[in-house]
Structures are given as C-alpha cells and as structure tokens.
Amino acid sequence: LVLDIEERPVAFMIYRISDLREYFGLRFAKWGMALLDPHSRGKGLGTSFFIALLHHHQRQGLQAADSDSSMRNLASVNLHNKVHFKIVSTFVTFHKWLSK
C-alpha cells in the first residue's frame with residue numbers, strides 16, 4: 001500500500017492477511033514494513049496513514065493488526081502507541097558481522 005501526496009509517494013506499508021479462522025476464529029493483518037519519507041515526518045502523516053489502514057482492515061472484516069518494531073526505533077514505537085497498539089511480547093535479535 002502506498003500513500004501518494006501530490007503524485008509523490010510519502011509512505012508505504014507491506015502487509016499480508018492471515019486467516020486462522022479454522023484454528024482460532026481469527027483473521028488479521030500482519031504488518032511487515034512501513035516507511036515514511038524523512039521529509040514528511042512530524043506532520044501527522046504516519047498517524048493518518050496507520051489509522052486509515054486500520055479502518056481499511058476493519059472494513060475487510062479483520063479482527064486485529066499485528067506489527068513488529070525494534071524497541072530501539074523510538075519513532076516507530078511512539079507511532080504504534082499513538083494509534084493504540086499494545087506491546088504483547090518482546091524479543092532480542094543479535095547481529096554479528098564477520099570480518100574476512
């Protein structure tokens with residue numbers, strides 16, 4: 001999904017719909033990646049974009065939206081909190097770059 005303003009992309013979201021009705025009675029959106037143009041930040045576009053996408057999922061009959069974020073990405077954590085996402089679990093990812 002891409003948000004264009006004046007024919008210029010300012011945000012995008014990659015997501016998939018998971019259908020677990022057979023097992024848990026649940027259909028939900030799994031948000032994979034969201035990016036907002038750095039020049040568009042601080043103008044409420046991210047909040048509007050997330051809210052519009054959540055309303056879109058409601059119209060699709062989905063019961064939930066699931067999103068991951070790095071706890072180090074404070075802007076993302078704050079945006080998720082602003083639109084009432086709840087942290088339900090955390091995990092730690094380690095990266096080690098090996099030299100040649």
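This is a predicted model: local features need pLDDT of at least 70, side-chain atom pairs count only at pLDDT 80 or more; totals for chains, interfaces and linings use all residues.
Biologist: In what order do the elements of the chain run from the N terminus on?

Modeller: The secondary structure of the chain comprises three helices and four strands. Read from the N terminus, these elements follow the order β-β-α-β-α-β-α.

Biologist: Which residue in E2 is the bridge partner of Ile5?

Modeller: Strand E1, residues 2–5, and strand E2, residues 8–19, run antiparallel and are joined by four bridges. Two residues lie between the strands in this hairpin, and Glu6 takes a positive phi near 50 degrees there. Within E2, the bridge partner of Ile5 is Arg8.

Biologist: Which residue in E3 stands opposite Phe12?

Modeller: E2 also runs antiparallel to strand E3, residues 27–36, and nine bridges join the two. In E3, the residue opposite Phe12 is Leu35.

Biologist: What share of the contacts with a separation of 6 or more comes from residues 24 or more positions apart?

Modeller: A contact here requires heavy atoms within 4.5 Å. Among the contacts in the chain with a separation of 6 or more, the share from residues 24 or more positions apart is 52%.

Biologist: What percentage of the accessible surface belongs to carbon and sulfur atoms?

Modeller: Of the 100 residues in the chain, 27% are buried, that is, under 20% relative accessible area. The accessible surface of the chain amounts to about 8,100 Å², and the part belonging to carbon and sulfur atoms is 57%.

Biologist: How far apart do the centres of the positive and negative side chains lie?

Modeller: The chain carries 13 positive and 8 negative side chains. Its C-alpha trace spans about 50 × 40 × 25 Å along the principal axes. The centres of the two charge sets are separated by 9 Å.

Conventions. Residues are numbered from 1 along each chain as its sequence is written. Side-chain values use heavy atoms; hydrogens and water are left out. Two strands pair if DSSP finds at least two bridges between them. Buried means under 20% relative accessible area, exposed over 50%, partly exposed in between (1.4 Å probe, protein chains only). Accessible areas come from the Shrake-Rupley method with a 1.4 Å probe; for residues, only the protein chains shown count as cover. Lys and Arg count as positive and Asp and Glu as negative; His and the chain ends are not counted. The place of a charge is taken as NZ of Lys, CZ of Arg, CG of Asp or CD of Glu.
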